[in-house]
Amino acid sequence: MVVVSQEIKTYKITARYRKLKRYFYVSKEVRAISLEKALEKFFSEVGSQGLKRLQLEIVKIKEVQPEEMKNLKLRKIALADKPAIWVP
């Protein structure tokens with residue numbers, strides 16, 4: 001079996017939702033191979049907080065360089081030479 005190495009990119013996804021006649025914003029940094037996988041990961045993480053996909057409106061998607069990341073754990077993984085990644 002041949003494994004093809006793909007580049008993992010970091011995306012910053014910002015969305016908004018409405019609750020009690022007010023808008024609230026949520027922003028997450030997600031590492032994924034493609035934009036579609038990043039959106040799935042974003043919806044999964046935000047969904048664990050009790051928000052449904054239909055409540056969320058994606059406002060902005062930006063590809064972020066490792067130096068610009070605010071999440072320190074993700075930055076450390078992104079800047080590592082050989083990060084250890086566990087895949088179930």
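**Figure 1. Lysine K21 in the predicted model.** At a relative accessibility of 74%, K21 counts as exposed, because the term applies to residues over 50%. This residue of the predicted model belongs to the loop that joins β1 and β2. The backbone of K21 has a phi near 60 degrees, which is a positive value in a residue other than glycine.

**Figure 2. Leucine L20 in the loop between β1 and β2.** The strands on either side of this loop are β1, spanning 9-19, and β2, spanning 22-32. L20 has a relative accessible area of 77% and is therefore classed as exposed. Its phi lies near 55 degrees, again a positive value in a residue other than glycine.

**Figure 3. Order of the secondary structure elements along the chain.** Three strands and two helices are present in the chain. Read from the N terminus, these elements follow the order β-β-α-β-α.

Figure 4. The chain comprises 88 residues, of which 23% are buried. Its accessible surface amounts to about 7,400 Å², and carbon and sulfur atoms account for 54% of that surface. When contacts between residues at least 6 apart in sequence are considered, 50% of them join residues at least 24 apart. L20, at 77% relative accessible area, and K21, at 74% relative accessibility, are both exposed.

Terms used. Residues numbered from 1 in each chain as written. Predicted model: local features only at pLDDT ≥ 70, side-chain atom pairs only at ≥ 80, totals over all residues. Heavy atoms only, no water. Helix = DSSP H or I, 4+ residues; strand = E, 2+ residues; numbered from the N terminus. Buried < 20%, exposed > 50% of the residue type's maximum accessible area, 1.4 Å probe, protein only. Contact = heavy atoms within 4.5 Å. Areas by Shrake-Rupley, 256 points an atom, 1.4 Å probe, with all protein chains shown as cover.
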